[in-house]
Amino acid sequence: MKSYIIEKNKLKNLLECFLKKYKIYGPIKSGIDSTFDEIKSINDLHLDYSSTIIPPKKFFHPSRQILFKFTITKEKYLIQEDIEDEKFILFGVHPCDVYAILKLDKFFSGEIKDSFYRNRRKNSIIVALNCNQPGENSFCKSMNAGPFLKDGYDILLTDIDTKYLIEIGSNKGKKLIEDLELIVATNRDVAEKEKKCKISDRKIRKILDPSWLPKLAEENLDHEIWVDLGERGGVADSFPCLSCGSCSLVCPTCYCYNIYDTLDLSLKHGSRIRELDSCQLLEYGEVAQGGNFRKERKDRIRHWMFCKFGAAAGGKNSNCVGCGRCIRVCPSKIDITKVAKELRRRK
Amino acid sequence: MLNEYYPSLAIIKEIKKETNNTNTYFLSFSDNKFEKNFSWSPGQFIMLSILGVGESAISISNVDKNNLINVTVRNVGNVTNSLFSFKKNDIIGIRGPYGSGWPLREIKGKDILIIAGGMGIAPLRGVIHYIKSHREDYGQFEIIYGARTPEDMVFKYELDTWMKIKNCSLHLNVDEIPTKNPFECKIGLVTSCFPIMNTHHRNAVALVCGPEIMMRYVAKCLETIGFDDKKIYLSLERRMKCGIGKCGHCQIGINYVCKDGPVFNYADIKPFIRPL
């Protein structure tokens with residue numbers, strides 16, 4: 001499809017045009033960090049970001065959501081559906097996060113579909129932004145998830161100095177900008193994008209060969225590295241894991257959730273709620289009568305790493321995209337790439 | 001249209017006391033439409049909800065001739081505890097059935113060895129009923145059932161009929177006999193029956209369900225006496241929140257217990273449930 005360009009100072013018009021029809025969520029700068037939140041004007045938008053703390057997963061698989069509400073009367077239960085139909089644009093998403101959303105798409109489809117996720121996804125449009133400034137922890141290149149995007153977007157923006165190159169990836173995207181009068185991109189603009197892509201590629205310092213990750217998991221179920229990581233002194237300059245669950249909280253492909261009920265004070269009205277859960281927490285593997293299938297901390301950190309290596313039940317739908325968020329937030333400085341390398345070295 | 005997380009309403013038609021802390025509930029859908037669409041196989045489970053308390057995975061112990069879903073529940077947690085306060089004709093929520101069930105078709109013609117510990121007999125009761133009514137499809141039949149005490153055994157009223165199944169032997173094992181011994185229970189672990197059982201591993205398949213620690217050792221012992229790991233099937237217990245392979249809690253290796261199991265071939269999951 002045709003590509004277009006827009007001057008950076010005209011981005012305001014583009015955004016205002018989108019705002020007429022849709023709610024927009026995009027990166028904003030709050031304090032020293034960026035986060036995805038509602039954009040009401042161009043002044044809120046902060047496209048010059050490296051990575052947000054919480055991934056945009058929260059718009060499709062919210063950290064807390066109501067599955068249904070119910071009323072208990074003497075004879076019966078009344079169940080009310082709770083379906084949201086807000087249409088929104090996710091603006092300025094980096095490639096690693098887009099790839100993570102594509103993985104979750106596959107995960108929540110399958111034999112049994114998750115209608116809450118599918119519904120939100122159906123109502124969303126993704127305006128992606130190629131990543132010009134991968135952070136020190138990014139290893140998206142190794143995981144085949146960046147820093148530039150190949151597919152999965154509705155509209156893709158690339159920062160080429162004074163303007164943005166606009167590429168269209170779907171009919172949804174095409175429809176979104178068909179009323180706008182945009183300038184068609186020249187070959188020079190496209191060549192400029194290629195150049196930017198190479199520069200961005202070179203900025204990535206963390207490199208890892210992902211092809212041997214599933215095999216590493218298969219062979220090292222009982223490796224002493226898990227004891228080091230969970231109970232002893234840590235691995236590769238890290239401290240031992242604290243089981244805080246931060247890594248899975250910020251991971252764009254972690255999908256695990258808990259389901260529980262709440263009741264109001266009258267004990268008549270309540271709702272069933274689903275909330276993000278973490279395999280790092282002790283309660284995660286707990287069953288009746290005090291049984292726990294992942295009691296040891298080493299079992300939990302091992303499970304999470306295997307899941308990110310693509311060797312857990314989620315398979316390729318929950319493996320790592322290399323965004324580097326878990327490395328950044330870990331209070332024990334555990335680096336998943338270093339653990340993988342160490343596993344291979346100590347074999 | 002109801003979606004995958006909404007429970008259908010079911011009426012408790014009857015409650016049968018099994019032991020001090022175990023009841024069997026006979027459930028019927030309050031909407032006939034669901035009853036018609038409900039098809040199950042032994043080993044599958046339902047998600048039983050009590051609104052305001054939560055949801056639990058409970059295995060179906062039978063679906064009887066009146067189309068009532070039998071679930072045998074031991075009072076051990078929040079949901080089950082609350083279920084015990086329910087009376088006849090009260091309403092609960094159920095969804096399912098989920099999971100794969102026992103491979104009854106694949107093991108046709110084989111000798112069947114059933115090993116159950118405690119509440120592990122519940123998901124196997126459907127198998128016993130099935131084999132009873134399709135007796136000619138299977139070879140020799142042997143049931144080893146262990147519990148803590150004779151009083152802790154469930155389906156006591158059925159043990160007689162099990163014993164009378166043609167070409168079937170039943171071993172009952174308990175840890176201790178505190179008062180009286182109403183049936184011929186022996187003291188010992190289920191594995192203590194292995195030297196005296198009739199089943200030979202050559203043409204046999206073992207179906208095992210019980211506490212995980214018991215299954216680990218049973219599987220190991222069966223292997224020691226010659227069973228191929230592919231001929232051992234285990235039904236696993238895990239924490240389950242969704243029942244449809246999405247919430248992640250029940251993962252074992254590359255499988256979800258709710259979706260790919262709960263019945264697994266021992267060969268597939270061996271690295272994850274080795275004896276400690």
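This is a predicted model: local features need pLDDT of at least 70, side-chain atom pairs count only at pLDDT 80 or more; totals for chains, interfaces and linings use all residues.
## Helix α1 of chain A

Helix α1 itself spans residues 11-21 of chain A, and its buried residues are A:L14, A:L15 and A:F18. Seen down the helix axis, these buried residues fall within an arc of 95°, so they line one face of α1(A). The face turned away from that buried side carries A:E16 and A:K20, which are exposed.

## The nonpolar core

The largest nonpolar core has 167 residues. Those with the most contacts inside this core are A:A128 from chain A and, from chain B, B:I114, B:A206, B:L207, B:V208 and B:Y233. Helix α2 of chain A (residues 95-107) gives the most to the core, with seven residues.

Leaving aside neighbours within four places in sequence, A:A128 is in contact with A:V93, A:P95, A:V98, A:L149, A:Y153, A:L156 and A:L157.

## Strand β11 of chain B

Strand β11 of chain B covers residues 204-209, and six of its six residues are buried. In a regular strand, side chains alternate between the two faces of the sheet. In β11(B), B:A204, B:A206 and B:V208 point one way, while B:V205, B:L207 and B:C209 point the other way. Residues pointing in either direction are buried.

## Antiparallel strands in chain A

In chain A, strand β12 (residues 269-276) pairs with β4 (residues 64-72) in the antiparallel sense over seven bridges. A:R274 in β12(A) is the bridge partner of A:Q65.

Strand β12(A) also pairs with β11(A) (residues 257-263), again in the antiparallel sense and over seven bridges. In this pairing A:T262 stands opposite A:S271 of β12(A). The hairpin formed by β11(A) and β12(A) has five residues between the strands, and A:L267 in this hairpin takes a positive phi near 60°.

Technical notes. Residues are numbered from 1 along each chain as its sequence is written. Chains are lettered from A and ligands numbered from 1 in the order in which they are written. A nonpolar core is a set of buried Ala, Val, Leu, Ile, Met, Phe, Trp, Tyr and Cys residues joined through C-beta atoms within 7 Å. A residue is buried if 20 or more other C-beta atoms lie within 10 Å of its own, exposed if 12 or fewer, and partly exposed in between; C-beta atoms are placed from the backbone. Helices (H or I, at least four residues) and strands (E, at least two) are DSSP runs, numbered from the N terminus. Two residues are in contact if their C-beta atoms, placed from the backbone, lie within 7 Å. The arc is that of the directions from the helix axis to the C-beta atoms. Two strands pair if DSSP finds at least two bridges between them.
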